[in-house]
Amino acid sequence: MGAAVAVGGWMTQSLSGQRRAENRPDAGTRGGPVVVVGAGPYGLSVAAHLRAAGIVVRVFGEVMGSWRHSMATGMFLKSTPAATDLSAPVPGGRLADFCRAAGEPELTELTPIPCETFVRYGMWFTQRYVGPVEAARVSAVERSGAGFVVRLEGGGEIEAAAVVVATGLATFAYVPDELLPLAPGGPGPQAALSHTSQHTDLSEYAGQRVAVVGGGQSALESAALLHEAGADVEVLVRDARVLWGVRLQVRRPWGERLAAPASALGTGWVLAAVCGVPGAVRRLPAAARMQLFRRALGPSGGWWLRERVEDVVPVRTACRVERARRSGAEVHLRLGGEGSGPADRVVDHVLAATGYRLDVDVLPFLTPSVRRAVSRVPGSQAPRLSGAFESSVPGLYFTGSLAAPMFGPMLRFVAGTEFAARRIAGRLVRQVPRR
């Protein structure tokens, strides 16, 4: 996933305040464009708001690249259509608007969204609200005076007023240490071990024995696709049971709505609160924020996926991989825990659906001096951010999943694009000259 320079969030000043900011830039005004590293939902949304505000912005990355190359063919989004809109600066940019314009079937709250549809939506949004996106990869971002120098692979550099990092998750893919001996050269589709973020086509494992490690949506949907492609697959889940989402009731009795209000992330007062006021989440004590980040939405499968997995694909719960080794072309797994059945498995491939760990230090394009200057959230390697998503390095912004430990779980999903894009743009219009 690419990194991005982006702007977003809720506008906090009045229109008259915006005019004052335009006519009298504050002391932090810098020259040069805003660079957005990454062209996924967050990068595109920030860029759309910046360009609508008259700010020169350059976006680097492949449009919807993570969704095109880190999601297996046949996958669906777990979120509902109402929670899957990119943030446009004017009406008309919702997923539903794209479906009408493109003649796509109408999506309801009970319609799983194909990833292919979401990719087409992102490309349509780019043409309509963002404009040119440059495919060159950013190789380095370093500070220079009040701004930055952004260097590109293959040569070339840009003096930037600000940089917004809107990276996808693939950079942060996590594989447990117990599995790493299976791939001394690194996980990948051709190795004995891979991560779910490394696949676009799981049918290549047809006829092979595959162990999927994990118990969330990625693990369960990958297992279903593997089974349907003809693989002999088993899911190994650390928790005592697999959790499934509940089919949405479009019309709920008022008592149920009061007891468990709906939100972009599901029903319940906690989710409704973190979606309604993500800015307030940032003001919680760091320990409370981290607990919310880690526990508000645990691993689970979408309700629509259940019939493709339960009583179809073998799932072993309450187990963990204690040791993994290769013997020729085979993989031998030693399992522990309380799960029933034999403690050993012999397979051809292990697919790790073990999630992601946020860490600024693994972003290769940030120079070491910039990474060292980024303050971290206590208990995490994610960046500590202001209410406008600005890091401790002035002019360096982070959005998307990297902002979730500060603003709550909504930033892990597309539903957070509106909040983030308006907040970032609202800050940058006071710092960066208009064209």
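This is a predicted model: local features need pLDDT of at least 70, side-chain atom pairs count only at pLDDT 80 or more; totals for chains, interfaces and linings use all residues.
Q: Which residue of strand 11 stands opposite Arg209?
A: Strand 10 (residues 209–213) runs parallel to strand 11 (residues 232–236), and five bridges join the two. Strands of a sheet pair through backbone hydrogen bonds, either parallel or antiparallel. Opposite Arg209, the residue in strand 11 is Asp232.

Q: What is the handedness of the β-α-β unit made by strand 1, helix 2 and strand 2?
A: Strand 1 (residues 34–37) pairs with strand 2 (residues 57–60) in the parallel sense over four bridges, and the bridge partner of Val35 in strand 2 is Arg58. Together with helix 2 (residues 41–52), strand 1 and strand 2 make a β-α-β unit, whose handedness is right-handed.

Q: How many disulfides does the count come to?
A: A disulfide needs a pair of cysteine sulfur atoms within 2.5 Å. The sulfur of Cys115 cannot meet this, because the closest cysteine sulfur, in Cys99, lies 14 Å away, too far for a bond. By this rule the count of disulfides comes to zero.

Q: Is Cys319 buried or exposed?
A: Buried means under 20% relative accessible area. Cys115, with a relative accessible area of 5%, is buried. Because the relative accessibility of Cys319 is 3%, Cys319 counts as buried.

Q: What is the accessible area of the nonpolar patch that Trp254, Leu258 and Trp269 form on the surface?
A: Leu258 is found in helix 7 (residues 254–259), and this leucine counts as exposed because its relative accessibility is 52%, where exposed means over 50%. With Trp254 and Trp269, Leu258 forms a nonpolar patch on the surface, and their accessible area together is about 440 Å².

Q: How far apart in space are Gln381 and Leu358, C-alpha to C-alpha?
A: Gln381 has its place in the loop between helix 12 (368–373) and strand 19 (396–398), where Gln381 is partly exposed, with a relative accessible area of 34%. Although Gln381 and Leu358 are 23 residues apart in sequence, their C-alpha to C-alpha distance in space is 6.2 Å.

Note on methods. Residues are numbered from 1 along each chain as its sequence is written. Side-chain values use heavy atoms; hydrogens and water are left out. Buried means under 20% relative accessible area, exposed over 50%, partly exposed in between (1.4 Å probe, protein chains only). Two strands pair if DSSP finds at least two bridges between them. A crossover is right-handed if, with the strands pointing away from the viewer, the path from the first strand over the helix to the second runs clockwise. Patches are made of residues with over 30% relative accessible area and no salt bridge: like charges are joined within 9 Å, nonpolar side chains (Val, Leu, Ile, Met, Phe, Trp, Tyr) within 5 Å. Accessible areas come from the Shrake-Rupley method with a 1.4 Å probe; for residues, only the protein chains shown count as cover. A salt bridge is a side-chain nitrogen of Lys or Arg within 4 Å of a carboxyl oxygen of Asp or Glu.
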